[in-house]
Amino acid sequence: MGSACSVADSTNLSNGESPTNGQKEAQDSFEQMLASMPNVYTDLSIPKFNSIFYVSCNPNAPTEELLITASDIKTKLFERAISRKELSELKTNLEQKMGSSVKWGMFFSAIRDAYYKKSVTLAFEDSDQTSCKINIDLIVKSYKTEIKLKLKQRDDYWSKLFSLHVMPLYNFYHTRDTQNTSEKAVVHKDMELKMLKEKYEQLEQKKAQLMYNSKKLAPKANVATNKVAPVQVTTNKSVPTTNTRINTTGPILTIKKEDPKTKRKDCLSMPVLPVAKFLIEKKKKIIKGKNMSDKEYDVVYESFNCVLNAINLDYAFKIGNNRTTKQYNKEVVEYLKEKFTSSGTDKNTSGQVDKKQFEETVANSPIDKSNMKQTIIELFDKVDKWNYDVFKINEVVNEPLFTTAFTLFLKNDLIHKFNIGEQNLINFLRNIEAGYHNNPYHNAAHAADVLQSLHYIIHKGGLHQYLSDEDLLAATVAAIIHDFDHPGVNNSFEINAQTYLSILYNDRSVLENHHIAEAFELMRNKDLNILQSLSEEQYKDVRETVIQMVLSTDLSNHGAIMARFKTKVEKENESHEVDISAKDDVRLALQMAIKVSDASNPARPQQLYLKWAQLFDEEIRNQGSVEKELSLSVSPFMSGNTSVADLQTSYINFIASPTIKLFCKLLPRMKFVLEHLQANETYWKTHSHVDPKDIEE
């Protein structure tokens, strides 16, 4: 973060260069200088809300105004237009202070430079972010003045975002790509631009319908039950068409009611997808052709990614699940820091905590006091045990992933080993937890469960003997992010629905690629980057390991990974101990470890397992309902006609059991989980569904 950029058709201004003397003479009028003023952007961190706002200054020649906007590229857009009269008054005040005239070119350059130098501040008047104030500090020939404005929130978010961010970025890439292109190609690109503008006008006409459907069909969390309400597709006479839409991590899907046979053909009718594809291809081409300087690349890349994420209307699903970070429990954090020393072992060698001291520490905490005395202490003491209960963690501190991950970073001394700033880690974990949707199964609690399972396999199962510190860091990060921003539907759904993500990742490990990309995109913000102190070599090593581990959780890769690991352990076990010294072998072992962790529910104590089985069944039934609404082929086990027993028996026999049994050949200490696996498989011989009595405390 911390970048600024300008986007315009004028090459000189978009490069941030000052006009020549000849240009200044030719562009002396207000109209000419306003017309040549580039759209400029910068991003501002708002610590109070733990968010980033993108602030822009956009010239509007027809109305002779400068439009100042601020947006979080999620749901909020603030706006204020500065009229020619107001700009003239500002320039006059500056001239009086200087005692000399100021040309419009100099004045507009000062505004542009304020964005380049981040001499812009943003302040909110209330915690709800319903209004804000902006200050733009101008410097002209060592004289200072400022523009102070109150920005008003806009409701027509999407259309404004398109005109203020997408079109300028299109122009920027169009200009860069045509600098060394033939006249014929330029004419062709101009035709493309004209077509895009026409599509934009179509989008403007449909914005009322889009706003209606975004609000009507967005998944709503049921606070009481912690469930996502199934999507209902409805029609409304006030909507000016016969189409209905549904938000997923893919694009807005259009379904024509009149003819069911045409439903699949019309699912990509919105113009957003070709626009997004164009920008992606254009960016790659410009970078490959080195048509941007390093500085331009840095500032445009950030703006491009944030805008691209926003213009893909399929992201409305994610925006509907807004990443609002929780206020983390500082008392619990302090307790964890007190409990675990820098060496990663308990300060109290007996493994017990001073209960009186701990109760005093959290006396003013928002923790549920009825569970405080013994429950919390026992929960943290179980982080090294196979019966670790993330449901209880979630119930007591409501931060299962944050709490578990922070504990393990401390316990494994990763903060000290890799010089990770404590606040950076807290910021990262809070944002990651906030990015997990309120899905029945693929949520923050599931990520915490996989993380703790992997921790147990490494430290109690014996995998640690093969790992370096970098491997341990990578494994921890991989488990934390392995389902980040999961939409609650699987890869098959993404591919069959032809979503934006499936097209972006060419139908290959769609969600897994998305989890990785989104998490590393977060770490581009220095305040969230827990890897910033690593050397270049360390970073490449950790990143590659994380990528391989997360991609291995895609079941389409399951057979290949199992075959490689089977060849490794069975051949070498015949004569001597398995050799896991080579880097590729270490990564293969870690791939298997996270696969086992991801599939470990049936190998947990039965009460925990049955809770997960019930939640998984709920999530896949939700997907089946959506598939029916979209006239897609309903995925296996998702029709609602299959019992939990059939689904779980199949999963245990074909995925969990073979994976865990094979992995135990490398780590014999983990064989005890096979008893849980057998007991849980036996349960389904007498039960078709989960008996509520079996999951009661």
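Pro 62 sits in the loop between strands E3 and E4 of this predicted model. Helices (H or I, at least four residues) and strands (E, at least two) are DSSP runs, numbered from the N terminus. At 76% relative accessibility, Pro 62 is exposed. The cut-offs are these: buried is under 20% relative accessible area, exposed is over 50%, and partly exposed is in between (1.4 Å probe, protein chains only). Residues are numbered from 1 along each chain as its sequence is written. The model being predicted, local features need pLDDT of at least 70 and side-chain atom pairs count only at pLDDT 80 or more, while totals for chains, interfaces and linings use all residues; side-chain values use heavy atoms, with hydrogens and water left out.

Stay with this loop. Pro 62 lies 27 residues from Ala 35 in sequence, and the C-alpha atoms of the two are 9.0 Å apart in space. Ala 61 is in the loop between strand E3 (51-60) and strand E4 (65-71). Between Ala 61 and Ser 36 there are 25 residues in sequence and 9.2 Å in space, C-alpha to C-alpha. Ala 61 has 39% relative accessibility, so it counts as partly exposed. Glu 64 belongs to the loop between E3 and E4. Its relative accessible area is 25%, which means Glu 64 is partly exposed.

The backbone of Glu 64 deserves a look. Most residues other than glycine have a negative phi. Glu 64 is not a glycine, yet its phi is positive, about 55°. Gln 498 lies in the loop between helix H20 (491-496) and helix H21 (500-504). With 35% relative accessibility, Gln 498 is partly exposed.

Now step back to the whole chain. The protein chain holds 28 helices and 12 strands. Of its 697 residues, 55% are buried. Contact means heavy atoms within 4.5 Å. Take the contacts between residues at least 6 apart in sequence: 70% of them join residues at least 24 apart. The chain exposes about 31,000 Å², and carbon and sulfur atoms supply 49% of that area. Accessible areas come from the Shrake-Rupley method with a 1.4 Å probe; for residues, only the protein chains shown count as cover.

Next come the helix pairs. Two packed helices are described by the angle between their axes and the distance between the axes. Axes are lines fitted to C-alpha atoms, for helices over the stretch in contact, and angles run from 0 to 180 degrees between N-to-C directions. Angles under 35 degrees count as roughly parallel, over 145 as roughly antiparallel, 65 to 115 as roughly perpendicular and the rest as oblique.

Start with helix H18 (residues 444-459) and helix H25 (residues 583-598). Their axes come within 8 Å and cross at roughly 130°. H18 and H25 are therefore oblique to each other. Their crossing is right-handed. A crossing is right-handed if the near helix is turned clockwise from the far one by less than a right angle, and left-handed if anticlockwise. H18 brings His 446, Val 450, Ser 453, Leu 454 and Ile 457; H25 brings Ala 593, Ile 594, Val 596, Ser 597 and Asp 598. The residues of this contact divide into 6 nonpolar, 3 polar and 1 charged. Here Ala, Val, Leu, Ile, Met, Phe, Trp, Tyr, Cys and Pro count as nonpolar, Asp, Glu, Lys and Arg as charged, and the others, Gly among them, as polar.

Move on to H26. The axes of helix H26 (residues 606-629) and helix H28 (residues 673-683) come within 10 Å and cross at roughly 55°. That angle makes H26 and H28 oblique to each other. H26 passes H28 in a right-handed crossing. Gln 606, Tyr 609 and Leu 610 of H26 meet Ala 679, Asn 680 and Tyr 683 of H28. These residues divide into 4 nonpolar, 2 polar and no charged.

H26 also packs on H27, at an angle of about 110° with the axes 10 Å apart. H26 and H27 are therefore roughly perpendicular. From H26 come Tyr 609, Ala 613, Phe 616, Asp 617 and Ile 620; from H27 come Val 644, Leu 647, Gln 648 and Ile 652.

End on Gln 648, in helix H27 (residues 644-663). Is Gln 648 buried or exposed? Its relative accessibility is 5%, so Gln 648 counts as buried. Neighbours within four places in sequence aside, Gln 648 contacts Tyr 609, Ala 613, Phe 616 and Trp 684.
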